[in-house]
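Visitor: I am new to this structure and would like to be guided through it slowly. Could we take it one question at a time?

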Amino acid sequence: MRPGSGKTICSPGPQAAAFPDFPQPACCGILTALFVHNPSFPDCNAPMKRLFTLLFWPFRLFWRFLKTGLTVLTNLVFLLFLGCFLIGLFYRPEVKVPDGCALVIAPEGDVVEERSVISPISRHFGKLAGVSLEEEVFLQDLIDGIDAAAKDGRIRYLVLNLDKLGAASLDQLSAVAGALDRAKKAGKKIIAAGNGFNQFQYYLASRANEIWLNPVGTADVHGFASLGLYFKDALDKLGVRMHVFRVGTYKSAIEPLVRNDMSAEDREARTAWMQRLWLLYSNDIAKARGLDADALRAQILDRHAILAASGGDQARAALNMRLVDALKTRPEMRLALRQLVGPAQSGKQDFNALSFDRYLETVERSYSATEQPARIGIITARGNITDGKGGVGQIGADTLLAQFDKARKNQNLKAVVLRLSSGGGSAGASELIRQGVLELKKSGKIVVVSMGEVAASGGYWLSANADCIVAAPSTLTGSIGIFGAIPTLESSLARLGVHGDGVAVGSPGLPANIVTGISAADAAAIQSSVDYGYRRFLAIVAEGRKKPVDEVARIAEGRVWDGATARELGLVDSLGNLDAAVARAAELAKVPKESAVWLKPAGMPFLEELAQIGAGVQARFRPRQLPAAEQALSELQTRYGFLLQTHDVNHVYAHSLVGETTSLLR
């Protein structure tokens, strides 16, 4: 009531009472203060008051609509996003395999034997960001899918599109080629169609009944070569002194840092095993193509003359060499496939086809879930051997030993297959892993090592005591020898006017360090440690292989052997791939082969996965072709980064820098 009047002042009105908690816009609050709560404003019954109330009501109603609508819209957008995310993550539409179709096998990326440790959520985030977190093809998936197609009556043809196949080792390619051979034996026709074939791709394409090449392409089969960079002069100019201590005439891992060219011993050893691998590769493709192997190798040696006779037309030269069966453009390839298997049953394809990725969703994977308890565990280890947990592309001793320990405590497991691909690394870390192998055996487990493209030096050290070693004919192994390497920078620092000096007590002098160098006494001590390490390496191999030490010494000296030769020398027990190693483990442990499963390593933390996504984004903008100087630095890091990463307590390494078959096939 107005003081002294006995009259009621105009209330905010029924519309305000209906929305007591509704926040008013700033303009409405000002108008209310000016007109509603102003003592001089007329009473509610006045015409002006009623007019103002009618004018003010739409503003309040509109504001309420905006607030409620935005809240609902925000919730709807969130629910829509969440629904799309869950559908994309978990929904898998039913795959229908058309009758009489062609299965299109189009692998993209490098062939790997260990999947990237990435959670489905991170993988999905990577796709949303447009970044593939794994430009890779899981080897076992290729084999499983091809083997399933061989038995599938709905599939008439296998079509190989290898244009995007990346790097693969010869043993991996041989395993896939074996699956293709089994499919042909089962009555499937295989067609390889591509814009061009490098040596990785052609090895698989050679298994096809017909090879179609685009007229603008080539079948680039040119032989093997091993090329490296040598840095002695560069290090001398920088004033870096390399103190090298090694045992083994053929132990060439450190040569690029102390020489400007390849030593005669390294050239001899490389020529021997590369010749064996080239014979293996060329014999395989000649047999698959129905060609005489010697004539094929002669043609490849004379390929420049054949190219000249073809007028410089590389596709025509490949046809004349019988490396391919027909030259077809991409439209001609699609038309030919349509004539073979009929038109597409949907409008998305040119012919009756099913993609390999879709078909793989219908295939039961090898070494996965079994109806019975797992009896054989498969552990994959690839990369340089280092102490600690290791990182990407490394075999961390602690990480691998943790997997061994978990397998050892699993009472159901009767055997462990270690799928290994490593050129070595820290001698101390290799010994720790070997001790883990002995612990597995002591617990009653059978241990079988399946060697991949390379299992040399430290890789052989940790394998020597296994119950059985299975290698591929193309595996590079052996390299029984060790070395020590310590770089010092006293000359580099002196050029800058920086000099190191100090005192030592309880010691004949300053310890070896990068500032003051290495004394003669320290050098002798390190060489003595390397000599001891080599003798221990020989003793370990002699014990594991049940051979006299003298016999092992004759095939040691740091020399690398191909798998077939290693079998002849008794360094490995049999030849074969992972499947053969699993079969051997099952035989020794007296358990079914079908009870083998992958033993997965622990997943990486989520934040590390996000960092990996970021690295993938950066990689999209990174130039693929490096300038010469940057390429040299990159090779230094690739080849000798382990010297900084492994931190061997004695600076002693069992490492081999053999040219892995992935680089030979380029």
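The questions and answers below go from the whole chain to a sheet and then to pairs of charged residues.

Visitor: What share of the residues in the protein chain is buried?
Guide: Please keep in mind that this is a predicted model. The secondary structure of the chain comes to 27 helices and 22 strands, and the chain exposes about 33500 Å², of which carbon and sulfur atoms supply 58%. Of the 666 residues in the chain, the buried share is 46%.

Visitor: Which strands stand at the edges of the open sheet of six strands?
Guide: The order of the strands in this open sheet is S8-S6-S5-S4-S1-S9, and their pairing is parallel. A strand at the edge has a single partner strand, so one side of it is left without a neighbour in the sheet, and this applies to strand S8 (326-327) and strand S9 (353-355).

Visitor: Which residue of S4 is the bridge partner of isoleucine 105?
Guide: Strand S1 (residues 101-105) is joined to S4 by five bridges, and the two run parallel. On another flank, S1 pairs with S9 in the parallel sense over three bridges, with alanine 102 opposite alanine 353 in S9. For isoleucine 105, the bridge partner in S4 is leucine 160.

Visitor: Which residue in S5 is the bridge partner of valine 159?
Guide: Strand S4 (residues 155-160) and strand S5 (residues 189-194) run parallel and are joined by four bridges. Within S5, the residue that is the bridge partner of valine 159 is isoleucine 191.

Visitor: How many residues apart are aspartate 141 and arginine 365 in the chain?
Guide: These two residues form a salt bridge in which the closest N and O atoms are 3.0 Å apart. Aspartate 141 counts as buried at 10% relative accessibility, whereas arginine 365 counts as partly exposed at 30%. Aspartate 141 lies in helix H5 (residues 139-150) and arginine 365 in the loop between helix H15 (356-360) and strand S10 (376-382), so the pair links distant parts of the chain. Their separation is 224 residues.

Visitor: About how many helical turns separate aspartate 266 and arginine 270?
Guide: Aspartate 266 forms a salt bridge with arginine 270, the closest N and O atoms being 3.0 Å apart. Aspartate 266 is buried, with a relative accessible area of 5%, and arginine 270 also counts as buried, at 10%. Because the two are four residues apart in helix H10 (residues 264-289), their separation is about one helical turn.

Visitor: Is lysine 409 buried or exposed?
Guide: Lysine 409 forms a salt bridge with aspartate 405, with the closest N and O atoms 3.1 Å apart, and both residues are in helix H16 (residues 397-409). Aspartate 405 is partly exposed, with a relative accessible area of 26%. Lysine 409 has a relative accessible area of 56%, and its class is therefore exposed.

Conventions
Residues numbered from 1 in each chain as written. Predicted model: local features only at pLDDT ≥ 70, side-chain atom pairs only at ≥ 80, totals over all residues. Heavy atoms only, no water. Pairing = 2+ DSSP bridges. Buried < 20%, exposed > 50% of the residue type's maximum accessible area, 1.4 Å probe, protein only. Areas by Shrake-Rupley, 256 points an atom, 1.4 Å probe, with all protein chains shown as cover. Salt bridge = Lys/Arg side-chain N within 4 Å of Asp/Glu carboxyl O.
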